[in-house]
Amino acid sequence: MRIMPFRGYRYNLAKIGKLDDVISPPYDQYQQGLDDLLYARHPYNVSRIIMNKESPQDGFTNNRYSRSKALVNQWIHEGVFVQDERPALYPYFQQYCVSGQRTRLRKGFIALGEVTDYDRRIVLPHERTLSKPKQDRLNLLRASLADTGLVLVLYSDPEGKIEALLDSLTSCAADMEALDLHGEVNQLWKTEDPHVIEALQSLMSDKRVIIADGHHRYEVALAFREEALPRAPENQHWGLYAYKLMSFVRLESAGITIFPIHRLVKNVAGFNSEDLLRRLSEDFEIKNEIAPGGEKSSLAERYLDEARQLGNRGENAFVLYLPSIGKMALLCFRKAAAQRQAWPADKTQAWRKLDISVLQTVVLDRLLGIGEKQLTEQSNLEYISEFREAIQMTDQKGLQCALLLNATPIEQVKEVVEAGDLLPQKSTHFHPKLMEGLVFAKHV
């Protein structure tokens, strides 16, 4: 993997005051009025660039993308954003807690990573993407020329040499520190030392990386590279768009946390809860109980814990909530049933071992008719990472059922990717999200 330092743009703290108020989660986290909340936090919040609001008067020359471009240029001109004088790499650490456990620390560094086609097997995707978000992000990059959104990529380093080097660079106070909306600590340092940069480049030179989060952003960079490179002869800086802003994190790090993404089912014609349970019993061992209102979450938590224990023994298991009959069910896939399934012909054995693959193939596709077309159109599923919220949303919105999963282990992600396969869409939620507004690149 070829990496490069860059002259990053960062907020001028003398202009904005508190960094907490101007950073933002990535655009794909903008749900339920988050953009309004971020807009209200500060007039210079980076959300105004990465997700400018649409207007009924939008046209070809005046639209959300042209307004983002104008803001980037205006804020640079006003000194809200200041560009570092020399090319640098930026160690980026995130401190966070999960469910009251002790603090975890995810250690990474930000650099420009070379954008290469997937078939070169240097940058490996781990799940499929949809086209609509990519077009939106491409329009923004074309207009603003600002590379703001980080791609989280994982590199393997069993000996921890890169993390050891990062530790030596971060023993002093961070150059920038901010709390995100969840109270998690984001710390950024800067290193311009050519010897350190050369050492990191050398350590990364023989590595492949796996995209953990930011597939859409990476594929937008692939597309924009083809538009930018023909312009490099007129201005060599256009050639830098053959690289993408990435945060590099060690695959073996104890700081990696993956949340599951639960499926909420809606709009399936002829859906019947009792009939679904009966049909599921052909392929699954089922344990189910009536779930009284106040005990739904505790029962789901208990079943998810049992499913996790089954997973540790090599079984596939997940939880089904059927609100119309008030039942919570633990589903354990029978090994004999795996032999008679019509698995997608192009999928590897590693893919077939995933809980999410069993759920998608057997339950969603075969039993509920939610196949590739419906997944692409996003007509029958909603997604959420927290199981209590999943149950609550299923009840409040009158949805047909909820399918609750445990997180996909990082070892399984690696196994599937290295087998040359992709996980189903929305298989993993790497936590915490990388914040936008700490540093970005703009080459012309």
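**Fold and cavities**

Reply: This is a predicted model. Its chain comprises 16 helices and 21 strands.

Me: How compact is the chain for 444 residues?

Reply: It is as compact as a globular protein of that length, because its radius of gyration is 23 Å, close to the 22 Å that the globule rule gives.

Me: And what box do the C-alpha atoms fill?

Reply: Along the principal axes, the box is roughly 65 × 55 × 45 Å.

Me: What percentage of the residues count as buried?

Reply: Of the 444 residues, 56% count as buried, meaning that their relative accessible area is under 20%.

Me: What about the accessible surface, and how much of it belongs to carbon and sulfur?

Reply: The accessible surface amounts to about 19800 Å², and carbon and sulfur atoms account for 48% of that area.

Me: Switching to contacts: of those between residues at least 6 apart in sequence, what share joins residues at least 24 apart?

Reply: That share is 77% in this chain.

Me: Now the voids. How many cavities of 30 Å³ or more are there?

Reply: The structure contains 2 cavities of that size.

Me: How does the lining of the largest cavity divide into nonpolar, polar and charged residues?

Reply: There are 10 nonpolar, 2 polar and 5 charged residues in that lining.

Me: And what is the volume of the second largest cavity?

Reply: The second largest cavity has a volume of about 30 Å³.

Me: Which residues line the second largest cavity?

Reply: The lining is formed by Ile49, Ile50, Met51, Asn52, Arg64, Tyr65, Ser68, Asp136, Arg137 and Leu140. Two or more of the lining residues come from each of α3 (47-50), α4 (64-77) and α5.

Me: Last one: how do the residues lining the second largest cavity divide by class?

Reply: That lining consists of 5 nonpolar, 2 polar and 3 charged residues.

Note on methods
Residues are numbered from 1 along each chain as its sequence is written. This is a predicted model: local features need pLDDT of at least 70, side-chain atom pairs count only at pLDDT 80 or more; totals for chains, interfaces and linings use all residues. Side-chain values use heavy atoms; hydrogens and water are left out. On a 1 Å grid over the protein atoms alone, a cavity is a set of points where a 1.4 Å probe fits but cannot get out, and a pocket is an open set with protein on both sides within 12 Å along at least five of seven lines; lining residues have an atom within 4 Å of a point. Grid points are joined across faces, edges and corners, and a volume is the space filled by probe spheres set on the points. Ala, Val, Leu, Ile, Met, Phe, Trp, Tyr, Cys and Pro count as nonpolar, Asp, Glu, Lys and Arg as charged, and the others, Gly among them, as polar. Helices (H or I, at least four residues) and strands (E, at least two) are DSSP runs, numbered from the N terminus. The radius of gyration is taken over C-alpha atoms; the globule rule is 2.2 Å times the number of residues to the power 0.38. Buried means under 20% relative accessible area, exposed over 50%, partly exposed in between (1.4 Å probe, protein chains only). Contact means heavy atoms within 4.5 Å. Accessible areas come from the Shrake-Rupley method with a 1.4 Å probe; for residues, only the protein chains shown count as cover.
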